[in-house]
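User: I'd like to go through this one with you. Can you put it up first?
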Amino acid sequence: MKNSTLNTANTALCAGSIVTNAARLAPGEYIKLEENHVIANKQLTISFTTEEFAAEDVLRIGHGEALYWASYAEITATHVNIYGYFENERLLAQREHGLKLSGNINIAIDVGYSTAKITIATSNGVYQSGVIDRCWNGSNGEIFAVSKNREITDVTLRWSCSDYSKSIWLFGDSYFNSRLANRWPCYLYENGYTQYLLSGFPGRDSVAALLDFKQLLKYGTPKFAVWCMGMNNMDMPNEINADYLSSADEFLKICDEKGIIPILSTVPNVPERINTFKNDYVKASGRRYVDFAKAVGGEELYSPWYEKMLSADRVHPDVLGAKALYARFITDFPEIMAR
């Protein structure tokens, strides 16, 4: 199967959207936009022209593919299938659309907090899925579309995010999830605090987060940037993690240059990961910070946290720990509660 990416010269920022076009895509040929790690409040759309879809035809559109924490939808002649990619591909939702797919076709995917709404319009009708809950977590990889078995023409792929204009941007890793009770952003969402951009995916390190920060700055500039990174950049026994240090230094430099107020955070020590040197760096920086380590009793080397706060995997919070992290976050950064 041919797997080609369009020249970046065909990609442009157009009135808040990122868009790319192709006159023709052969079967298996990809059209792509740049990678980002935005979690929520994003829109993926594609328009194209084709002959009528047969039973074997599939149009796939998504955020990442065959990458950990990717999501994509497959449109077939009869169904919309939504997949997540974790250790492998999982079918998370399936709906019949009841349309004949031919002529000019327009598909829009509106992603919220782990939700998706899908609209398909053709010459013979319109399908609207309504909100499909807990089906779309993807925030790792490129925005893409591919018609697996048939040629499509007059193709436009577009991406937008309503959170580019938000005054608060948050950068994190697997601790970031707005729908799981054992992740502290869940309690922001539950309490109606949603005026921010969320960037992250499980396993993300500081180097990848810095690249995403730079990328997002092409489309907006926040008032506050909150750096909740470091758990995947473990310190050495006698010194700070070099990738964390260089990334945090550059993050602060960029913030200063652009007039952004940086908010750092301490990283709780856990039984098999050292974060003490990062925390010393944060406290000595002279910058504002959220003291996550103090919130859960994770200040000491190899800390097991306070009772019932650390999960069985000995890295992530349990529900009580997530609530403690949330309480500390809104205490140290009350601006997040602005509506």
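User: Start with the largest cavity. How does its lining divide into nonpolar, polar and charged?
Analyst: The lining residues are ten nonpolar, three polar and one charged. Nonpolar covers Ala, Val, Leu, Ile, Met, Phe, Trp, Tyr, Cys and Pro; charged covers Asp, Glu, Lys and Arg; the others, Gly among them, are polar. This is a predicted model: local features need pLDDT of at least 70, side-chain atom pairs need 80 or more, and totals for chains, interfaces and linings use all residues. Numbering starts from 1 along each chain as its sequence is written, and side-chain values use heavy atoms, without hydrogens or water.
User: Which residues lie nearest the centre of that cavity?
Analyst: Tyr175, Cys228, Val267, Pro268 and Phe292, out of 14 lining residues. The volume of the largest cavity is about 120 Å³. On a 1 Å grid over the protein atoms alone, a cavity is a set of points where a 1.4 Å probe fits but cannot get out; a pocket is an open set with protein on both sides within 12 Å along at least five of seven lines; lining residues have an atom within 4 Å of a point. Points join across faces, edges and corners, and a volume is the space filled by probe spheres set on them.
User: And the largest pocket, what volume?
Analyst: About 280 Å³. Its lining has 22 residues, with Trp69, Phe176, Asn177, Leu180 and Pro202 closest to the centre. They split into nine nonpolar, ten polar and three charged.
User: Is Cys186 buried or exposed?
Analyst: Buried, because its relative accessible area is 3%. The cut-offs are under 20% for buried, over 50% for exposed and partly exposed in between, with a 1.4 Å probe and protein chains only.
User: New topic. What is the covered face of β10?
Analyst: Ala116, Ile118, Ile120 and Thr122; Lys117, Thr119 and Ala121 form the uncovered one. Strands here are DSSP runs of E, at least two residues; helices are H or I, at least four; both are numbered from the N terminus.
User: How many bridges join β9 to β10?
Analyst: Six, antiparallel. Pairing takes at least two DSSP bridges. Thr119 is the bridge partner of Ala108. Four residues separate β9 and β10 in a hairpin, and Ser114 in the turn has a positive phi of about 70°.
User: What about β10 and β11?
Analyst: They pair antiparallel over six bridges. Gln128 in β11 is the bridge partner of Thr119. The hairpin has two residues between the strands.
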